[in-house]
Amino acid sequence: MPTDLRRHVPNALTIARFAAIPVFAWLYLVAGEGPAWGAGIFFAAAAVTDQVDGYLARRWRVQSRFGTIADPLADRLMIGTAVVLLWATGRIPLLAALVVVGRDLLLVLGYKVLAPRGLELEVTFLGKLATWVLYAALALVLVTDQGTAWPLVLLWIGVGLAVLAGAQYAVRTRSALRSRPGEAGTGPGEAKGG
């Protein structure tokens with residue numbers, strides 16, 4: 001594949017994930033009560049593209065500033081949309097929804113604090129793991145009957161991992177602000193989180 005085309009493929013997948021968000025919401029809302037297989041499969045496909053675009057960008061060495069910012073934002077919005085819809089329709093507890101959305105808002109605010117100072121936090125394994133578990137748990141909630149217990153257990157595991165990852169990023173942010181308070185540049189990596 002030509003290098004110029006390779007440069008655009010990962011970003012195109014990220015943009016497709018943004019475009020998928022309203023389609024996912026529509027599929028879920030029209031499914032009515034019971035398992036929402038269309039929305040669940042669509043959501044799972046979005047999770048796969050999250051892995052594929054990052055893998056291709058690294059393999060082809062075509063990471064871009066757009067991808068660094070947009071890829072984690074697409075994750076946050078897709079997961080956040082699913083969490084809000086599932087809570088609004090009574091399929092997941094309010095506390096789980098608040099923790100996930102609140103943690104993601106803090107990550108975005110963290111980016112706003114760090115980027116103007118030229119600070120960057122690398123995505124951690126714990127952050128990636130939290131994102132993977134949340135994607136899996138939410139997809140399983142979507143395709144099972146309301147009240148099915150085991151997808152909710154997995155969801156709470158994902159929520160716990162998300163809290164731990166958020167705490168890890170908070171500690172790293174504090175350390176970065178103390179050690180490099182005056183440097184200029186940009187660094188959105190902390191928004192990837194998980």
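**Notebook: patch, helix crossing and salt bridges**

Accessible areas come from the Shrake-Rupley method with a 1.4 Å probe, and for residues only the protein chains shown count as cover.

I note that this is a predicted model, in which local features need pLDDT of at least 70 and side-chain atom pairs count only at pLDDT 80 or more, while totals for chains, interfaces and linings use all residues. Residues are numbered from 1 along each chain as its sequence is written, and side-chain values use heavy atoms, with hydrogens and water left out.

**Patch, continued**

I checked which helices carry the patch: α3 (65-88) and α4 (94-114) each supply at least two of its residues. Helices here are DSSP runs of H or I with at least four residues, strands are runs of E with at least two, and both are numbered from the N terminus. I looked up Leu94, which lies in helix α4. Leu94 counts as partly exposed because its relative accessibility is 42%; buried means under 20% relative accessible area, exposed over 50%, and partly exposed in between (1.4 Å probe, protein chains only).

**Whole chain**

I counted six helices and zero strands in the protein chain, in the pattern α-α-α-α-α-α along the sequence. Of the 194 residues, 43% count as buried. The chain exposes about 9800 Å², and carbon and sulfur atoms supply 69% of that area. I also looked at contacts (heavy atoms within 4.5 Å). Among those between residues at least 6 apart in sequence, 83% join residues at least 24 apart.

**Crossing of α3 and α5**

I took the axes of α3 and helix α5 (residues 125-143), which come within 11 Å and cross at roughly 35 degrees. Axes are lines fitted to C-alpha atoms, for helices over the stretch in contact, and angles run from 0 to 180 degrees between N-to-C directions. The crossing of α3 and α5 is left-handed, that is, the near helix is turned anticlockwise from the far one by less than a right angle (clockwise would be right-handed). On the α3 side I listed the contact residues Asp75, Arg76, Met78, Ile79, Ala82, Val83 and Leu86, and on the α5 side Thr131, Leu134, Tyr135, Leu138, Val141 and Leu142.

**Salt bridges**

I called a salt bridge where a side-chain nitrogen of Lys or Arg is within 4 Å of a carboxyl oxygen of Asp or Glu. By this rule I count four. In one of them, Asp71 pairs with Arg17, the closest N and O atoms being 2.7 Å apart. That pair links Asp71 in helix α3 to Arg17 in helix α1 (residues 3-31), 54 residues apart.

Asp75 also forms a salt bridge with Arg17, with its closest N and O atoms 3.2 Å apart. Asp75 lies in helix α3 and Arg17 in helix α1, so this pair ties together parts that are 58 residues apart in sequence. I note that Arg17, Asp71 and Asp75 are linked in a network of salt bridges. I then checked burial: Arg17 counts as buried at 1% relative accessibility, Asp71 is buried at 7%, and Asp75 is buried at 0%.

I looked up the pair Arg103 and Asp104 as well, whose side chains meet in a salt bridge (3.1 Å, N to O). Arg103 is buried, with a relative accessible area of 8%, and Asp104 counts as buried at 6%.
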